[in-house]
Amino acid sequence: MLKRIMLCAIFIVTSASADEKAIIGPTADMRVAEAGLNFEARIDTGAGNTSLNGFDLEIEGGSAKKMKDNVGKTLWFSTENNKGEKKRLSAKIVKTSTVSNSQGTETRYMVALHVGFAGKERQVNVNLREREHMDYKLLIGRNWLKDKYIVDVSEKNVIGPLAPISIVETGLIYNTRIDSGAVENSLHAIDLKVADGDKDMEKNVGKMLSFTTENEKGESQRVHARIVETSLIRNAQGSEIRYMVELNVGEQGKEYKVKVNLRDRSKMTNKFLIGRNWLQGHYLVDVSL
C-alpha cells in the first residue's frame, strides 16, 4: 500500500502537500498503460533507467546498421508479465541507452511509455531488454522515482490511530490507541504482586510479577511475567515509576516481543497504548485511517 507521508522521526502521516514525496516499497504492482498489462515490479534505486521485458524487436521500415540511427523510428516489440500475459505493441524510439552490468555493456533502445500504479501512470523513458529469466519483468529505475518517491526497503506496514492489537500472554485483543508521541507501550494492569517483592522497585527487577489486565470488552486475564526494568514516566500529573515486562504484542498472528510498562488504565477509554518502541522500524502511522 502506498501512502503519502511527511518523513519525521515518529513516522506520522499527515495530509499531503505538493512538494511531498511518496513512500514506495522494494516491489510494487505496476501497470504499463500501452500494453494494458500489470507487472510485479522491482523498485531499483541502483538503476538509472526503468527497464521493461521486451523481445522480438522489429523496426518499422527496416533497421539501420547503427542503433543510434534508428532513433525516431517506430519499434514493434512483444512484452510479457509474470503471469505469462503477452502483448505486441509499438512505440517510437526516443534514444539509446548503454547499460553496464556484470556481463559487460550493452546498448538498448528506449521508448516512452506510461508506467505506474493503475490509473496513475505517467510517461517515462523505458529501455527494452529480454527479461525472460529474471524474477521481475519490469524494473523501476531512478528516472521514474526521482523527485516523487522515497524507497522504503523495510516494507513497513501502515496502521491507523486505533487498531485491534493482540497480546499473546493475555490471550486478549485490545482496541489499542496508537500513540507516536509516547516512547513506550503501556498496558492496563491492576493488583500487581511481586514474588518475594521489596519496597524498593529497583530491587524487584528480574523477579516474577503477576497482574490482572482487562480489555475494552471487559474480558480479563491474570498474567505472569518477569520484570525487566523500571521506567520513569513524566506526564501532566507529575512523574511515576512503573514496572516494565516483555510481552508478545502485535496484529494477531504477527506479534513480536517488546517492553511494556504497566499502569492502572481503568479510567481510560483504551486499555492498551502503543508507543514508539513498538512502532519504530515496523509501522507508519496514518491518522486518517
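The side chain of asparagine 81 comes within 2.9 Å of the backbone oxygen of asparagine 38, a polar contact, meaning a pair of N or O atoms within 3.5 Å, where within protein one must be able to donate a hydrogen and the other to accept it, and residues adjacent in sequence count only if both atoms are side-chain atoms. This is a predicted model, in which local features need pLDDT of at least 70 and side-chain atom pairs count only at pLDDT 80 or more, while totals for chains, interfaces and linings use all residues. Residues are numbered from 1 along each chain as its sequence is written, and side-chain values use heavy atoms, with hydrogens and water left out.

A second polar contact joins the side chains of asparagine 81 and glutamate 85, at 2.6 Å. To find asparagine 81, look in the loop between strand S8 (74–80) and strand S9 (86–101); strands are DSSP runs (E, at least two residues), numbered from the N terminus. Asparagine 81 counts as buried because its relative accessibility is 2%, the cut-off being under 20% relative accessible area (1.4 Å probe, protein chains only). Beyond four places in sequence, it touches Leu37, Asn38, Phe39 and Lys137, where contact means heavy atoms within 4.5 Å.

Now follow that last residue. Lysine 137 sits in the loop between strand S11 (122–129) and strand S12 (138–140). What does the side chain of lysine 137 reach at 2.6 Å? It is the backbone oxygen of glutamate 132. The backbone oxygen of methionine 134 is also 2.8 Å from a polar atom of the lysine 137 side chain. Lysine 137's contacts beyond four places in sequence include Phe39, Ser51, Asn81 and Arg131.

Notes: Helices (H or I, at least four residues) and strands (E, at least two) are DSSP runs, numbered from the N terminus. Buried means under 20% relative accessible area, exposed over 50%, partly exposed in between (1.4 Å probe, protein chains only).
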